[in-house]
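These are my notebook entries on one model. I looked up the domains, the ligand shell and the backbone in turn.

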Amino acid sequence: MSQIRAAVTGVNCFVPEHRLTNTDLEKMVETNDEWIKTRTGIEERRILKDKDKAAAYMGSQAVKGLLEKTGTSPEEIDVVICATVTPDMMFPDTANLIAYENGMKNAFTFDLGAACSGFLFAFNTAARFIESGAYKKVVVVGSDKMSAITDYTDRSTCILFGDAAGAVLLEPNDEGNGMMDSILRSDGQGAEFLYQAAGGSLRPASHDTVDAKQHFIYQNGRPVFKAAVSGMAGVVQEIIAKNKLSPDDIAWVVPHQANLRIIEAVARMADFPMERVMVNINKYGNTTAATLPLCLWEWESQLKKGDNLILTTFGGGYTWGAIWLKWAY
Ligand code: ACO
């Protein structure tokens, strides 16, 4: 009997309409378009302006379109996993709200953190559910309203992040396509360089935490930059070597979009041409858990059945990893 793998059978995204450009940011903090473009590759990001809408709304919109596109009825979905660091609330889970909004009455749902690696970790979890044979249709969502935790007076972080959501449907595949292998890693030593200090049980929200701006993202960029390059390049090389692949066998590398210079360095170290690396950071910035589905969605029409993709991420925690995925349609 052929092995059951978890294949992507559809992808869909939601991006808010409002564009926050580098020129807009020049009016908010001491920065300039040239610095942002050369240091990060970002030209604009999307911002969800509506104060009554957040991660669950964006995720719901992405999933609604995904169900329509794949001709899937909401009742057929077994599991919904939402990767996010900006849940609507600490509980109930955002995945729960997304499932309710879309009428997925038979699904169990939960959120997963892992910062910018959230989508990759959720994808791997969902794939293992499918491989077990217990579940047939699993939706993986990455949704982050980063503007909700970004300090727009801090030029070192406010230029980086944007809002978006993306979702994929995973289903069993016995044709040899789907998730072939994964390598996921975590290292708590990275906790001091990238975090949101307050809002959890250690420092619940108080006047003091708000005054100290502890509900915003804090990042010490340089150590994170170095760790991101060595972390992603390391796992990409490892997954290629472990599976006796060569860069020529890979149709596309799909990297987390945190900084164009990080992506270029990873491609260089893994001996991979930039022409086959998905890059859309210029349009969306770093959307945390949404970056990978945003790439898959934009490149969907260019992907062919059987194409080898390497998905790779690096995020707060630290968390990082790579997945070898054979595209199934
Ligand atoms: N405009 C102009 N100048 C700026 C800006 C800005 N927006 N931001 C910082 N600078 C200045 C700094 O003040 C500093 O000036 P100084 O030399 O006079 O002190 C100089 O530019 C260099 O600052 P660095 O922080 O060292 O700049 P760097 O080249 O490292 O770029 C960046 C910063 C873009 C944040 C980079 O470090 C980076 O991309 N880091 C990794 C991001 C990442 O991968 N994050 C992980 C995922 S995110 C997640 O998990 C939620």
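How many residues of domain 1 are in contact with domain 2, and with how many residues there? I find 52 residues of domain 1 in contact with 48 residues of domain 2, where contact means heavy atoms within 4.5 Å.

I note the basis of the entries. The model is predicted, so local features need pLDDT of at least 70 and side-chain atom pairs count only at pLDDT 80 or more, while totals for chains, interfaces and linings use all residues. Residues are numbered from 1 along each chain as its sequence is written, and side-chain values use heavy atoms, with hydrogens and water left out.

**Domains.** I took domain 1 as 5-177 and domain 2 as 180-326, bounds that come from an automatic or database domain assignment. Their centres, taken over C-alpha atoms, are 14 Å apart. I recorded about 4100 Å² buried between the two domains, 62% of it from carbon and sulfur atoms; buried area is the accessible area (1.4 Å probe) that two parts lose on being put together, summed over both. Cys116, Leu120 and Ile149 supply 16% of the area that domain 1 buries against domain 2, more than any other three residues.

**Ligand.** I counted 26 residues around the ligand, the closest being Thr31, Arg39, Cys116, Arg222 and Asn259; a residue is near a molecule if one of its heavy atoms lies within 4 Å of it. Both domain 1 and domain 2 give residues to this shell, so the ligand lies between them. The shell divides into 11 nonpolar, 10 polar and five charged residues, with Ala, Val, Leu, Ile, Met, Phe, Trp, Tyr, Cys and Pro as nonpolar, Asp, Glu, Lys and Arg as charged, and the others, Gly among them, as polar. Helix 8 gives the most to the shell, with four residues; helices (H or I, at least four residues) and strands (E, at least two) are DSSP runs, numbered from the N terminus.

I then looked up polar side-chain atoms and ligand oxygen atoms. Arg222 places such an atom 2.5 Å from a ligand oxygen, Arg39 has an N or O atom at 2.7 Å, and for Arg155 the distance is 2.9 Å.

**Backbone.** I noted a cis peptide bond between Phe91 and Pro92, with omega about 0°; Pro92 lies in the loop between strand 4 (79-83) and helix 4 (94-101). Another cis peptide bond joins Gly317 and Tyr318, with omega about -10°.

Conventions: A polar contact is a pair of N or O atoms within 3.5 Å; within protein, one must be able to donate a hydrogen and the other to accept it, and residues adjacent in sequence count only if both atoms are side-chain atoms.
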